Amino acid sequence: MNVAQAMTAILKKEGVELLFCYPTNKLIDEAALVGIRPIVVRQERTGMHMADAYSRLSSGRKFGVFAMQHGPGIENSYGSVAQAYADSVPVLVIPQGYPQRVSGIKPNFNAVQSMRDITKSAEQLNLPGEVVNVMRRALSQLRNGRGGPVLVEVPNDLWTAELAQPEDYVPVRGHRTAPDPDDIIRAAELIGAARNLVIHAGQGVHYAEAWDELRALAERLACPVVTTLPGKSAFPEDHPLSLGSGGLTYPLPVKAFLDEADVILGIGCSFTETLFAVPVPKGKRIIHMTLDSGHLNKDVPADIGLVGDAKLALQGLLAELERRGVHSDKGEAVAARIRGAREAWLAEWMPKLTSAETPINPYRVVWELMAATRNEPTIITNDAGRPRDQLTPFWVARDPLSFVGWGKTTQLGYGLGIAMGAKLARPDKLCINVWGDAAIGFTGMDIETAARERIPILSILFNNGGMATELNSIPNAIRLYAANRITGNYCEMARAFGAYAERITDPSEIRGAIERGIARTKEGQPVLLEFITAQETAMSKA
């Protein structure tokens, strides 16, 4: 047995079914021989994005694997690995390295050296007999603690090296930790004394699968809940206590209730200071429930830290609150306040959400898309820029993991791979990405991958003929050189790649086009709906 065969056997034992990849990497061919399906993409970024979504949609129980060639293959992957690191997504990255005799010699790109800052761990296999040890360490990092990409680089000339003895790998188990019981008691005391408690929930709820516990806590305390963008759908947004999600844009009730709070309970979040998260108001008392102690007091001072798995932490907190008899009977009153604030906010936006103007207002597309998919089991994601800012405040995510949100670092074109990876992880769902004409310029070639691999996603494109986000940032370049102008008939491009595509210019045709697109996905064909939209710059934020 050689190294490639041994690594393939290890992946098989770990339950890996798909290998997202771009040749050449010797792992690809060996994986195919044992029934691990290779998904070959048109560029490395998209393959990594697909692996990213595959991990998210199982709460990390199944992990995405991405393999690529040495040199330009891993270099092209850098941004997408950085994205997974920023969003704490567990993905196994297996680059083929340069031969050992030139590994690390400049200008050859050494993945282990160059990607340590954007991976949870990075190790090169140097001896054939160490393959089991190296993979055990990698998989242990992948399955334990806060998520993040884990990298194992294999030199090109080591794949065919023979092992002295048969591979004897035993699959790695994940382990959970719970907070200090004394901290649970202190948190319960502060919660019991709070006048206006607000829950701030992040994606740690998804990875811990703590959706039921979060809901039980909110209902016990009659407590409003806001989620981060990565945590969106961790709490049902049609629940009377939901404020929605907070990012660069947000439903206005989010900020109003956070401003009024005297205590904020962060659950499964990092409280990272970023443009793509609603700011945490100053002067609040903070209870921070996080898996990573490194996040405590990083950007927001914490009065109490609850370090551990969100499910275990919530179970412990609920038990302590029950023991103390802490609960609230103000649920209906709090829900009425939230409902009133939300209705007033929506009333302000209804002219845009129902606009009949041409070019089409992108908010009208969001509104029609929500209506058309109300009875469809759906997973949706956004892209960077205005599509994110226009979609996330208004989209009502009802079920866990039905919205793949992301932030901290934001790559244009990320949403396409996310939707494709989500569809492979959850083939029973309608998987949608919403993007703009800038984003499709980065990863649009991988519409061909969706067609070739029979990955029937629904891709919603806002084509406003430019970059609306940049209108105020480069006014002279725009005035003198039209620097924000971009153009293309993406409908024709998608058809050429084998997708079903329509170009829509009339607002009255939006709903029909979406319904036809959904029908085509059910027939197994990927769909691109290109909406010719206005350069809308209005955003929902205080």
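Visitor: Which residues form one aromatic cluster with Trp345?

Guide: Welcome! This is a predicted model, and one aromatic cluster in it brings four residues together. Besides Trp345, its members are Trp349, Tyr363 and Phe394.

Visitor: How many aromatic pairs does the structure hold, and what kind of pair do Trp349 and Tyr363 form?

Guide: The structure holds 6 aromatic pairs. For Trp349 and Tyr363, the ring centres are 5.0 Å apart and the planes stand at 55 degrees. Stacked needs planes under 30 degrees apart and edge-to-face over 60, so 55 degrees makes this pair tilted.

Visitor: Which helices does that pair tie together?

Guide: Trp349 and Tyr363 are 14 residues apart in sequence. Trp349 belongs to the helix of residues 331–353, and Tyr363 to the helix of residues 362–372. The pair therefore ties together helix H13 and helix H14.

Visitor: Are Trp349 and Tyr363 buried or exposed?

Guide: The cut-off for buried is under 20% relative accessible area. Trp349 has 9% relative accessibility, and Tyr363 has 0%. Both values fall under the cut-off, so Trp349 counts as buried, and Tyr363 likewise counts as buried.

Visitor: What kind of pair do Tyr363 and Phe394 form?

Guide: Their ring centres lie 5.5 Å apart, with the planes at 80 degrees. An angle over 60 counts as edge-to-face, so the pair of Tyr363 and Phe394 is edge-to-face.

Visitor: Where does Phe394 lie?

Guide: Phe394 is 31 residues from Tyr363, and their pair links distant parts of the chain. Like Tyr363, Phe394 is buried. Tyr363 is in helix H14, while Phe394 lies in the loop between helix H15 and strand S14.

Terms used. Residues are numbered from 1 along each chain as its sequence is written. This is a predicted model: local features need pLDDT of at least 70, side-chain atom pairs count only at pLDDT 80 or more; totals for chains, interfaces and linings use all residues. Side-chain values use heavy atoms; hydrogens and water are left out. Rings of Phe, Tyr and Trp (its six-membered ring) pair if their centres lie within 6.5 Å; planes under 30 degrees apart count as stacked, over 60 as edge-to-face and the rest as tilted. Helices (H or I, at least four residues) and strands (E, at least two) are DSSP runs, numbered from the N terminus. Buried means under 20% relative accessible area, exposed over 50%, partly exposed in between (1.4 Å probe, protein chains only).
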